[in-house]
Amino acid sequence: MKKYASILTIIILVSISAGMVRAEDAMDIMKKSHLAYYYAGDDGVTKVTMKIINKKGRERLREFTMIRLDLEEGGKQKYYTYFNKPSDVSRMTFMVWKNTESNDDRWLYVPAIDLVKRISADDKNSSFVGSDFSYEDVSGRLWTEDDHTLVSELETINDKPVYLISSRSKKEKDSFGEKKSWIDKETYLPLREEYYDDKGKLLRVFTADKIEIIKDIVTITQRTMENVKKNQKTVIYFDGIDYNIGITDDIFTERFLKSPPRKFLN
């Protein structure tokens with residue numbers, strides 16, 4: 001009897017140990033993915049064309065320039081957005097100081113009334129400028145907010161070997177019940193994500209449609225978010241991307257909300 005008890009104990013310990021290793025692997029993969037996707041280079045600038053396509057096929061376009069500065073790897077960042085089109089938002093600017101320990105700080109400048117307005121930052125799951133991407137999709141969800149499980153290492157997307165990770169929020173209520181992520185094993189970029197509600201119903205699907213190498217950094221230059229529930233989607237095209245160009249912290253101030261840094265916008 002003692003012999004069988006010892007064998008059973010060993011099996012249990014090995015199982016627990018294997019489970020811990022897999023949990024750590026999944027967390028590490030999601031951290032690497034977050035850094036590859038949201039912290040490419042030390043800073044960056046890109047022109048963005050956003051195409052919002054509703055269920056009837058009608059399109060709305062938004063064009064803007066985004067400037068980013070990383071203050072710490074995986075931590076604080078600052079974003080500056082200058083809108084070019086459509087005409088009702090032209091010359092509007094939007095600034096975010098991303099915090100990892102608290103809510104982000106956000107400001108909006110409305111040129112028509114020459115007003116800088118500080119806006120609420122507790123709506124990170126709401127739509128980003130009317131698209132199917134949320135503010136959190138744009139600035140990134142911290143990998144420590146979820147529990148992750150490595151589901152498979154055997155799948156491929158477009159012939160690329162990927163990790164399939166299942167993530168569940170540590171909060172009782174959140175914007176999704178489960179997120180599945182297909183992470184490129186070589187670059188750690190997310191190639192596909194699926195968001196489900198608490199009952200397992202598919203809500204949204206993210207796909208990386210085009211990937212290019214810019215200054216030796218592998219970059220997603222076209223991405224789509226399909227809102228399954230609304231039967232519509234948003235496609236984002238990135239153009240003129242540049243990294244490590246010496247963006248300075250002083251740009252992310254109220255002064256530059258009113259007087260945009262033209263050298264980065266042309």
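User: Why is Trp 107 called buried in this predicted model?

Analyst: Its relative accessibility is 13%. Buried means under 20%. Trp 107 is below that cut-off, so the label is buried.

User: What makes Trp 97 partly exposed?

Analyst: Trp 97 has a relative accessibility of 28%.

User: Why is the pair of Trp 97 and Trp 107 called edge-to-face?

Analyst: A search of the whole structure gives nine aromatic pairs. In the pair of Trp 97 and Trp 107, the centres are 4.9 Å apart and the planes make 65 degrees. Centres must lie within 6.5 Å, and planes over 60 degrees apart count as edge-to-face. Both conditions hold, so the pair is edge-to-face.

User: What does the pair of Trp 97 and Trp 107 tie together?

Analyst: Trp 97 belongs to strand E4 (residues 93-98), and Trp 107 to strand E5 (residues 105-110). The pair therefore ties together parts that are ten residues apart in sequence.

User: What makes the pair of Tyr 37 and Tyr 38 tilted?

Analyst: The angle between their planes is 50 degrees, at 4.5 Å centre to centre. Stacked needs under 30 degrees and edge-to-face over 60; the rest are tilted. Tyr 37 and Tyr 38 are both buried.

User: How do you know that the charged end of Arg 204 sits over the ring of Tyr 195?

Analyst: The charged end of Arg 204 is 4.6 Å from the centre of the Tyr 195 ring. The distance cut-off is within 6 Å, with a further limit of within 35 degrees of the ring normal. The distance passes, and the arrangement is listed as sitting over the ring. Likewise, the charged end of Lys 185 sits over the ring of Tyr 163, 5.3 Å from its centre.

User: Why is Ser 134 called buried, and where does it lie?

Analyst: Ser 134 has a relative accessible area of 5%. That is under 20%, so Ser 134 is buried. Ser 134 lies in the loop between strand E6 (115-119) and helix H2 (135-139). Beyond four places in sequence, its contacts include Phe 128 and Arg 204. Phe 128 also belongs to an aromatic cluster with Phe 64, Phe 83, Phe 94 and Tyr 135.

User: What makes Thr 253 partly exposed?

Analyst: Its relative accessibility is 27%. This falls between 20% and 50%, so Thr 253 is partly exposed. Thr 253 sits in the loop between strand E14 (232-243) and helix H3 (254-258).

Definitions and conventions: Residues are numbered from 1 along each chain as its sequence is written. This is a predicted model: local features need pLDDT of at least 70, side-chain atom pairs count only at pLDDT 80 or more; totals for chains, interfaces and linings use all residues. Side-chain values use heavy atoms; hydrogens and water are left out. Helices (H or I, at least four residues) and strands (E, at least two) are DSSP runs, numbered from the N terminus. Buried means under 20% relative accessible area, exposed over 50%, partly exposed in between (1.4 Å probe, protein chains only). Contact means heavy atoms within 4.5 Å. Rings of Phe, Tyr and Trp (its six-membered ring) pair if their centres lie within 6.5 Å; planes under 30 degrees apart count as stacked, over 60 as edge-to-face and the rest as tilted.
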